[in-house]
Amino acid sequence: RINPTAPRDSAGATVATAPAASSAGIDSGSIAVRADATWLDRAARLTSIPPRALAAYAGAALAAGETYPECGLGWNTIAGIGWVETHHGTIFEGAITAEGRAEPEIIGIPLNGEGTLVVRDTDAGALDRDAVWDRAVGPMQFIPSTWALFGVDGSGNGVADPHHIDDAA
């Protein structure tokens, strides 16, 4: 059976998973080490997605496929969200570090009803530094209440952090 969430080559064949070649700074328990290094290098070149973000997207899709095989979530769908939300963590001249954190942290506009939905603070400003309104945070732009329900530790460091690409993906 073909895993629809696995990274694929240009012919559509599933690529094997092996530790990524450029895994310096990445926790060995991170989803990012699941992406095949050869596939990762080639796909990053072809898509212009920063390799560290792409490793998280591919690793998240592989992890989702193991946990929810019927889901069919592909790395490319996760990457699409990452592009739309923050240009893979590079918005406002930012970057994803080798360790996987968005630097500087990405914090959206206040959801105060001025061109947005009204979303009053749900986290006492812990994630978004705003104790009045919620703001989307991190490279995948989670609002704090959504993160509280669905946030996971994809980095393997023991902390679910929406500013970390492995956790957010």
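Arg129 and Glu105 make a salt bridge in this predicted model, with their closest N and O atoms 2.5 Å apart. Both residues sit in the loop between β2 and α4, so the pair ties together parts that are 24 residues apart in sequence. That bridge belongs to a network of salt bridges that links Arg101, Glu103, Glu105, Arg129 and Asp161.

**The salt-bridge network**

- How exposed is each end of the Arg129 pair? Arg129 is exposed, at 61% relative accessible area, while Glu105 is partly exposed at 27%.
- Arg101 has a salt bridge with Asp161, and here the closest N and O atoms are 2.1 Å apart.
- Asp161 lies in the loop between α4 and α5 (165-168) and Arg101 in the loop between β1 (95-96) and β2, so this pair joins parts 60 residues apart in sequence.
- Arg101 also bridges to Glu103, with 3.8 Å between the closest N and O atoms.
- Buried or exposed, where does Asp161 fall? Asp161 counts as buried because its relative accessibility is 15%, and the cut-off for buried is under 20%.
- Arg101, at 22%, counts as partly exposed, and so does Glu103, at 39%.
- Across the protein, the count comes to seven salt bridges.

- Asp128 is found in the loop between β2 (102-103) and α4 (144-150).
- What is the nearest side chain of opposite charge to Asp128? That would be Arg135, 5.7 Å away. A salt bridge needs the nitrogen and oxygen within 4 Å, so Asp128 ends up buried with no salt bridge.
- The Asp128 side chain does have backbone nitrogens around it: a polar atom of that side chain lies 2.9 Å from the backbone nitrogen of Arg135.
- The backbone nitrogen of Asp130 is 3.1 Å from a polar atom of the Asp128 side chain.
- Leaving out residues up to four places away in sequence, Asp128 touches Ile107, Asp121, Asp123, Trp133, Asp134, Arg135, Val137 and Pro144.

**Helix α2**

- Helix α2 covers residues 51-67, which makes 17 residues.
- From first C-alpha to last, α2 reaches 24 Å, close to the 24 Å expected at 1.5 Å a residue.
- Why call α2 largely enclosed by the rest of the structure? Because 14 of its 17 residues are buried.

**The whole chain**

- The protein has five helices and two strands, and from the N terminus on they run α-α-α-β-β-α-α.
- There are 169 residues, and 43% of them count as buried.
- Looking at contacts with a separation of 6 or more, 48% come from residues 24 or more positions apart.

Methods:
Residues are numbered from 1 along each chain as its sequence is written. This is a predicted model: local features need pLDDT of at least 70, side-chain atom pairs count only at pLDDT 80 or more; totals for chains, interfaces and linings use all residues. Side-chain values use heavy atoms; hydrogens and water are left out. Helices (H or I, at least four residues) and strands (E, at least two) are DSSP runs, numbered from the N terminus. Buried means under 20% relative accessible area, exposed over 50%, partly exposed in between (1.4 Å probe, protein chains only). Contact means heavy atoms within 4.5 Å. Lys and Arg count as positive and Asp and Glu as negative; His and the chain ends are not counted. A polar contact is a pair of N or O atoms within 3.5 Å; within protein, one must be able to donate a hydrogen and the other to accept it, and residues adjacent in sequence count only if both atoms are side-chain atoms. The expected span of a helix is 1.5 Å times one less than its number of residues.
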